[in-house]
Amino acid sequence: MSHTATEHDATTAAATEWKPNIVAFLCNWCSYAGADLAGMSRFGYPAAIRIIRVPCSGRVDPMFILKSFERGADMVLVSGCHPGDCHYTSGNFHARRKLQAFRELMGFLGIDPRRFKMSWVSAAEGGKWSALVNEITEEARSLGPFTGYPSCENGNGRTTGEQGD
Amino acid sequence: MISLTMDGRQVEVQDGQTLLDAAKLLGIEIPTLCHHKAVPPAGACRVCVVEITGGGRPGLVPACAYPAQNGLVIDTHSKAVRNSRRLTLSLLLSRSPETEALQALAKEYGAEPVFAATREPHAEAQGGPGVSSKCILCGLCVRVCAEVIGPSATCFAGRGRGREISTPYKQLSHVCIGCGACAFICPTGAIDPAEFCSHPIEQISNEFNCGYDVRTPIHIPFPQAVPNKPLIDRDNCIHFKTGGCGACKTLCPAGAIDYEMADEIVEEKVGAVIVATGYQLLDPSIYEEYGYGRYPDVVTSLEFERMVSASGPTEGELRRPSNGQPPKTIVFLQCIGSREEQTAGGKPYCSKICCMYTAKHAILYKHKVHDGQAFIFYMDIRSAGKNYEEFVRRVVKEKNATYLRGRVSKVFPRGDKLIVMGADTLSGGQVEIAAEMVVLAPALLPSAGVRDLAQKLRIGYDQHGFLSEAHPKLKPVETNTAGVFLAGCAHSPKDIPDTVAQASAAASKALGLITHSRLTREPTIGIVNQATCNGCFECQPVCAYGAIGPREIRDRRGNLLATVAHINEGLCQGCGACAVTCRSKSIEVQGFRDDQLYAEINAIGPSAPLVATLPSGRNGNGSEK
């Protein structure tokens, strides 16, 4: 590390102060239930994550992800059933293909693709969910705040005006 | 129809039936030795003689072979008949005095051997294949082999007093298929088919008794099977292997056996499915230290259960597989593969039922071997359940079972005993027990193939393959797929009371679903905005349920204005794949509409109230530093 001791301390202090903002789209049947199980099993994980329940990972529109970054997310997670176990037979396959294509376009949009994660967490994997959140929170912290969309702060409020009312 | 008189009673029989059949109809007892209904009659032993007194040529005839004729008058127990039978039996008895079947009949007819057996009747047969001296030369075995089974592996050999049953040229037969029909049909129990066969006879091990005894190819799989009917194991059945035999079909009085029947796929439309696929046991041979599979006296709990069962291979007598003696010292090892992740194949979960069945086995053991001593190695005694702890206490106090808290490091043979080396963590010492039998309690696993089934039914399962309930507290028997319910060990290891409770719950839930004339369902399904849909039907291929179809919009004159997508409310499950695919955003999933989800996204910022301007928070300008 090239940091001096003082800089390092400052960084650490900032890091402990700043908490990343992670938006997670969880499918209702597997990952949401897995997160629920994590809670019921009293697994701990950072509070940095905000869960939005969707019926299926295939319901996640790439626009949701862009909107999340626009609204201040530092990282977005989409999690569904394991491939082959989709409650809706094939929704997670649609999600996998579509969002992989979306990830390829993220650089073009000015977003570090590492800020977008996909995972498969089943309803029985409370422990995996907790470990996953710990891991991506750590990664989000190391990536630092997402500052790619300063425009939305300037108050032109294109989407905010439409959606917030 | 043929009408005849027997012992003064009129009887009618079918064409081709014999006097013996007529006697059976009347309930008249006629002794037989060489008769079996699976084999065409031969009239060889002549103990079934009856006397024709009228309606035909008078004289003594064998009832088993003599065809019924109109107008015959038969006496089945005349003096001549009794004399003839007595003489026949006397002669047979002289030849084979130790045959039980003969002794019983001889007693009834007052027959005595007419001469003492001057020499061993089968002395000449020594060294070659043959049958025991109980043989009365009725020839049933020869006839069944030639006429019913087919290979003709047995025959008569020799003449006069040297006559006997053997194989051609007294060589071990290579055509013998080892079916055992000769031994089965022999009226005197004189035959061991292994004597004839040049190759080892394949015994079919009885799966239900864990291979500790054998079964026939046609068998009832286990007592109280549902349906409690025999099935034919086609891989081993002689009829299916060679085309011969067919004895079961000949013998079945109900005519229920049909070799032409084939497996068929029956399609049923059902309203609910209950998955109760049960469990299987971990194969404990993955733990080499216990010696399962190497030492016959190391058995699993299921094998022990069969051994002590009254309907088991030993009819409930507990015997060591190695030497057939009752084990005076027995060691039960619990948690074989349960609560254990160190070894590949070990399972982290508790198999739940082993503590209680091991306690039960200790009691059963003491019932079978009164002076025996049982040792039980355990990790923890998990006896949570109504009266369970009391049960375990009773095993300790009344049955003097020694519970040792600790694990076993090694089981190895010394002499005819098995030395069990283990730790007793309560006393802090090592123990070494010279056991005569070791019973392992392997971990419970979900049944093989349950993952495929779960994927077909679209229900979840955990990393071990146990099926997942929809909610551990609120929906314990439902799955995430509507109409599919769980019961028993397919869901998790559980004992019988828990399984019955869960199965009852699943049955109630299923009935609650299918007894209503109308189905209520979640309203969270897709709807199409017909005003904006441009009918591209990109949504159609992504729908896994085929719920999307075209709908024509016409004006009042019936002119077609547009063809738009339409979602069938009954088929749609509300996954939302179509909503994402729709380029004109004309499909919304109710409850998960775009505006609802955007509202959620908009609310995510740590300090982002839903107002037109964003707060000057941390976003963008790095002010968080």
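Predicted model: local features only at pLDDT ≥ 70, side-chain atom pairs only at ≥ 80, totals over all residues.
Colleague: Okay, which residues touch the most other members in the largest nonpolar core?

Modeller: That core has 69 residues, and those that touch the most other members are Ile22(A), Ala24(A), Phe25(A), Cys27(A) and Val76(A), together with Cys539(B) and Cys578(B) from chain B. Strand E1 of chain A, residues 22-27, gives the most to this core, with six residues.

Colleague: And what else is there apart from that core?

Modeller: Another core lies apart from it, with 66 residues, among them Met307(B), Leu364(B), Ala454(B) and Ala506(B). As a general point, nonpolar side chains in soluble globular proteins tend to be buried together.

Colleague: Back to Cys27(A), what does it touch?

Modeller: Leaving aside residues up to four places away in sequence, Cys27(A) touches Tyr32(A), Val54(A), Pro55(A), Cys56(A), Ser57(A), Ser79(A), Gly80(A) and Cys81(A).

Colleague: What sheet is there in chain A, and in what order do the strands come?

Modeller: There is an open sheet of four strands in the order E2-E1-E3-E4, and the pairing is parallel. Strand E2 (49-54) and E4 of chain A stand at the edges with a single partner strand each, so one side of each has no neighbour in the sheet. On average, and ignoring direction, neighbouring strands of this sheet are turned by 20° against each other.

Colleague: How many bridges are there between E3(A) and E4(A)?

Modeller: E3(A) and E4(A) pair in the parallel sense over five bridges, and along that pairing Ser79(A) stands opposite Ser119(A) in E4(A).

Colleague: Which strands does helix H2 of chain A lie across?

Modeller: Helix H2, residues 31-40, lies across E1, E2 and E3 of chain A, and runs at about 110° to E1(A).

Colleague: Switching to helix H4 of chain A, what should it span?

Modeller: Helix H4 has 19 residues, 91-109, and at 1.5 Å a residue they should span 27 Å; the end C-alpha atoms are 26 Å apart, which agrees. There is still a kink of about 25° in H4(A), centred on Arg103(A), and the residue that follows the helix, Gly110(A), has a positive phi near 85°.

Colleague: Which residues of H4(A) are buried, and what covers them?

Modeller: The buried ones are Gly91(A), Asn92(A), His94(A), Ala95(A), Lys98(A), Leu99(A) and Phe102(A). Their cover includes helix H3 (62-70), strand E3 (75-80) and strand E4 (116-120) of chain A, along with helix H13 (539-542) and helix H14 (577-581) of chain B.

Colleague: So over to chain B, how many helices and strands does it have?

Modeller: Chain B has 15 helices and 27 strands, and buried residues make up 36% of its 625 residues.

Colleague: Which strands pair with E1(B)?

Modeller: Strand E1 of chain B, residues 2-6, pairs with strand E2, residues 9-13, in the antiparallel sense over five bridges, and Thr5(B) stands opposite Gln10(B) in E2(B). In that hairpin, which has two residues between the strands, Asp7(B) takes a positive phi near 50°. E1(B) also pairs with strand E5, residues 73-75, in the parallel sense over two bridges, where Met6(B) has Ile74(B) as its bridge partner.

Colleague: What about the open sheet with E18, E19 and E20 of chain B?

Modeller: Those three strands come in the order E18-E19-E20 with antiparallel pairing, and the edge strands, E18 (408-414) and E20 (429-435), each pair on one side only. Seven bridges join E19(B), residues 417-424, to E20(B), with Met421(B) standing opposite Glu432(B).

Colleague: Last topic, where is Cys335(B), and is it buried or exposed?

Modeller: Cys335(B) is in strand E15 of chain B, residues 329-336, and it counts as buried because 24 other C-beta atoms lie within 10 Å. Its phi is near 55°, a positive value in a residue other than glycine. In general, most residues other than glycine have a negative phi, and most peptide bonds are trans.

Colleague: Which peptide bond is cis, then?

Modeller: A cis peptide bond joins Val226(B) and Pro227(B), with omega about -5°, and Pro227(B) sits in the loop between strand E10 (218-219) and strand E11 (231-232) of chain B.

Conventions. Residues numbered from 1 in each chain as written. Chains lettered and ligands numbered in written order. Core = buried A, V, L, I, M, F, W, Y, C linked by C-beta atoms within 7 Å. Buried ≥ 20, exposed ≤ 12 C-beta atoms within 10 Å, placed from the backbone. Contact = placed C-beta atoms within 7 Å. Expected span 1.5 Å × (residues − 1). Bend = angle between axes of the 7 residues up to and from the residue. Pairing = 2+ DSSP bridges. Axes fitted to C-alpha atoms, helices over the stretch in contact; angles between N-to-C directions.
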